Amino acid sequence: MPQAPIVEIQDVSFGYDAARPVLRDINLSIARGAVVGIMGQSGCGKTTLLRIIMGAYLPSRGTARVLGRATAELDGAGLYDMRRRMGMLFQFGALFTDLSVYENVAFPLREHAALPDDLMHDLVMLKLQAVGLRGAAHLMPTELSGGMARRVALARSIALDPQLILYDEPFTGLDPISFGVIVRLIRSLNDSLGATSLIVTHDVQEALGVVDYVYFMAAGRVIAQGTPDEIRSSPEPFVNQFVNGKPDGPVPFHYPAPAYAADLEVAVA
Amino acid sequence: MNRSMIDLWVGVFVAVGFAALLFLALKVGNLATFSTDQSYQVHAKFANIGGLKVRGPVKSAGVVVGRVADIRFDNESYEAIVSMTLNVNYQFPRDTTAKILTSGILGEQYVGLEAGGDGVMLKHGDRVRLTQSAVVLENLISQFLFNKAAEGKEPAK
Amino acid sequence: MTQIAALRGRLERLGATVTSQVWRLGYASRFLAYLVLHSGTALRRFRLTIAEIYFAGVLSLVIILVSGLFVGMVLALQGYETLQRFGASESLGVLVALSLVRELGPVVAGLLFASRAGSAITAEIGLMKATEQISAMEMMAVDPIARVVAPRFWGGVISMPLLAALFSAAGIFGGYLVGVQLIGVDAGAFWSQMQAAVDLRNDIMNGVIKSVVFGVAVTWISVFEGYDAVPTAEGVSRATTRTVVTSSLAILALDFVLTALMFTGGNS
């Protein structure tokens with residue numbers, strides 16, 4: 001019997017004000033245990049969609065069901081309950097700069113579980129070991145490199161063993177080695193925790209290598225979806241341009257401007 | 001800066017802050033005088049209280065024996081009623097005079113009590129019958145001018 | 001015709017600015033109410049508040065004490081010049097003490113607190129917002145207002161009256177140094193006249209009340225501006241500037257109102 005999807009977005013539209021919709025008629029379904037990617041150009045609305053899944057915004061139309069409940073129906077307590085079962089990795093880690101690596105990972109444990117110190121210590125060490133940074137527990141966030149900071153943030157986001165892990169642009173600005181580390185961790189953590197992962201990114205090639213399914217967005221709509229292979233060979237021109245990194249196509253090279261000849265100072269003979 | 005150092009410094013800060021408040025209260029202000037002793041109230045009527053203020057001192061022989069508690073206007077006798085809180089350790093006879101005096105030449109005004117000779121003492125709620133109002137500068141000046149004018153006329157007679 | 005249109009445009013913008021400021025005040029008031037109602041964490045986990053008392057209060061000690069000392073010394077110097085002309089140089093203690101306890105203590109300490117601690121609080125909260133630490137906390141189902149903002153608010157409110165008292169005490173000591181030790185006013189007269197003139201309830205208590213009111217105002221403005229800052233570097237810098245300017249204006253305006261209420265009127 002198929003399990004209910006962890007995330008189900010039905011006909012969702014959203015706009016910060018009524019005149020300019022950011023998302024239009026989005027339909028999305030993420031099955032348990034899957035690693036799903038949401039890709040598209042900057043500004044296509046994928047981060048906004050992530051915020052809706054997080055419950056930070058409510059859809060203007062349609063329903064967003066996360067972990068079995070519609071976000072619009074949640075009260076404050078319900079929202080916090082939902083978020084305790086989710087983990088989110090922010091773009092640059094968003095570590096608490098006044099706390100050490102250990103304290104950062106221990107933060108959700110301290111806030112939500114009244115654990116004795118020795119048990120908490122072991123749990124924190126477990127999470128740090130999973131991301132390979134157990135030896136860095138005493139360092140402060142300012143002493144970490146970008147890749148290490150992101151790994152610590154990842155350890156923090158899985159501290160409470162979430163059922164759903166959200167990644168907001170996890171690959172931005174990483175060197176190839178850190179890149180490989182994060183890619184490996186996304187898959188291994190998802191499988192070992194039995195969780196579901198949702199990655200919002202525009203790093204196409206790398207993401208296609210790790211996800212099970214892809215949703216492609218442009219201008220607030222889902223214009224293509226499928227397995228990585230289907231996406232790579234998609235006939236959709238925008239997807240084609242995006243996946244192959246072509247400079248010109250449905251997204252034009254030139255920003256809209258008046259006629260070139262008219263703009264030149266020296267008259268063309 | 002670990003936790004125990006922070007706690008220590010905060011403790012020092014709060015302690016020093018309270019010490020400053022205590023210093024202000026005791027050494028700078030007048031907490032040391034008067035607030036905890038027992039007291040009793042008497043009143044007096046004056047034709048003019050001048051610049052007397054509530055909480056001004058009540059002195060006898062130059063020593064502070066009480067404070068002005070309240071100043072009201074009697075709409076029937078058109079006089080000022082001054083209520084005074086006196087230290088219970090100081091008893092005054094019923095025929096005590098209350099005068100409104102000025103400390104120095106231009107200083108603040110206070111109530112001066114001059115004890116009489118009656119054997120019976122003032123009780124809580126009693127009225128001091130003998131009073132002398134404040135010296136009002138304008139009246140003094142007009143009196144002086146009037147006297148001067150009178151003097152001027154006499155030799156001419 | 002275009003002049004009228006331009007004038008109307010300017011009036012509309014003025015009206016919009018005024019209404020937006022009024023709206024912002026309402027928003028800030030709701031923020032304060034929420035903050036106070038959700039102060040449970042700040043009180044139960046008092047460690048957090050203690051850390052904030054350290055950052056707002058202890059780290060402001062040096063500037064407060066040094067400034068207080070100098071203000072007191074200047075008061076004594078200036079005051080002596082004028083009082084001496086009326087033969088009232090023995091009242092120097094009264095002058096220094098009353099000026100400090102009633103006005104300069106709460107006000108100057110408040111202004112210094114706003115520029116040192118207030119701007120630091122705004123910058124801290126604003127930067128946490130800009131680096132998504134606030135969002136991260138929300139995602140971890142921790143209320144950032146209860147966890148981050150409330151301890152800073154109570155830390156500031158607790159520190160401010162203590163700092164004002166320390167300022168006044170340092171100032172009186174500075175006045176004593178200059179007046180008695182340097183100039184030669186009689187020490188006995190200095191202290192005894194001061195004790196006679198400074199009333200516990202009227203002067204000192206009112207000064208403490210003022211410093212509490214200023215503390216609430218400054219800290220409220222600081223945490224609000226930080227929390228409401230635009231999450232960019234420029235946004236945070238503008239928020240810190242706004243904190244210092246608004247706090248200073250608020251202190252001076254409240255000082256006027258409080259002084260009018262406390263120190264004037266009637267036979268008292």
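## A helix crossing in chain C

Helices α9(C) and α10(C) cross in the right-handed sense. A crossing counts as left-handed if the near helix is turned anticlockwise from the far one by less than a right angle, and as right-handed if clockwise. This is a predicted model, in which local features need pLDDT of at least 70, side-chain atom pairs count only at pLDDT 80 or more, and totals for chains, interfaces and linings use all residues. Residues are numbered from 1 along each chain as its sequence is written, while chains are lettered from A and ligands numbered from 1 in the order in which they are written.

α9 of chain C covers residues 200-228 and α10 of chain C covers residues 233-263; they pack at about 155°, with axes 9 Å apart. The two are therefore roughly antiparallel. Axes here are lines fitted to C-alpha atoms, for helices over the stretch in contact, and angles run from 0 to 180 degrees between N-to-C directions. Angles under 35 degrees count as roughly parallel, over 145 as roughly antiparallel, 65 to 115 as roughly perpendicular and the rest as oblique.

Which residues of α9(C) meet α10(C)? Among them are Val213(C), Phe214(C), Ala217(C), Val218(C) and Ile221(C). The α10(C) side includes Ala250(C), Ile251(C), Leu254(C) and Leu258(C). Contact means that the C-beta atoms of two residues, placed from the backbone, lie within 7 Å. By class, the residues of this contact divide into 11 nonpolar, 6 polar and 4 charged. Ala, Val, Leu, Ile, Met, Phe, Trp, Tyr, Cys and Pro count as nonpolar; Asp, Glu, Lys and Arg are charged; the others, Gly among them, are polar.

## α10(C) and α5(C)

α10(C) also packs with α5 of chain C, residues 92-130. The angle is about 150° and the axes lie 8 Å apart. α5(C) and α10(C) are therefore roughly antiparallel to each other. Their crossing is right-handed. The contact of α5(C) with α10(C) has 11 nonpolar, 11 polar and 2 charged residues.

## Chain C as a whole

Chain C has 10 helices and 0 strands. Helices (H or I, at least four residues) and strands (E, at least two) are DSSP runs, numbered from the N terminus. The C-alpha trace of chain C spans about 65 × 60 × 35 Å along its principal axes.

Of its 268 residues, 48% count as buried. A residue is buried if 20 or more other C-beta atoms lie within 10 Å of its own, exposed if 12 or fewer, and partly exposed in between, with C-beta atoms placed from the backbone. Take the contacts in chain C between residues at least 6 apart in sequence: 87% join residues at least 24 apart.

## The sheet of chain B

Chain B holds an open sheet of 8 strands with mixed pairing. The order is β7-β1-β4-β3-β2-β6-β5-β8. β7 (127-128) and β8 (130-132) stand at the edges, each with a single partner strand, so one side of each has no neighbour in the sheet. Two strands pair if DSSP finds at least two bridges between them.

Strand β1 (residues 39-46) and strand β4 (residues 79-87) of chain B run antiparallel, joined by 8 bridges. Gln41(B) has Thr85(B) in β4(B) as its bridge partner. Strand β2 (residues 57-60) pairs in the parallel sense with strand β6 (residues 109-114) of chain B, over 2 bridges. Here Lys59(B) is partnered by Gly112(B) in β6(B). Strand β5 (residues 97-102) of chain B runs antiparallel to β6(B), with 6 bridges. Thr97(B) has Glu114(B) as its bridge partner in β6(B).

## Where the chains meet

Which chains share the most contacts? Of the 2 pairs of chains in contact, it is chains B and C. This contact takes 21 residues from chain B and 25 residues from chain C. Helix α1 (residues 3-28) gives the most to the chain B side, with 14 residues. That side divides into 15 nonpolar, 3 polar and 3 charged residues.

Chain C also touches chain A, with 9 residues of chain C in contact with 13 residues of chain A. The chain C side of this contact has 5 nonpolar, 3 polar and 1 charged residues. Chain A and chain B do not touch; their nearest C-alpha atoms are 11 Å apart.

## Chain A

Chain A has 10 helices and 10 strands. Its C-alpha trace spans about 80 × 45 × 35 Å along the principal axes. Of the 269 residues of chain A, 37% count as buried. Among contacts in chain A between residues at least 6 apart in sequence, 64% join residues at least 24 apart.
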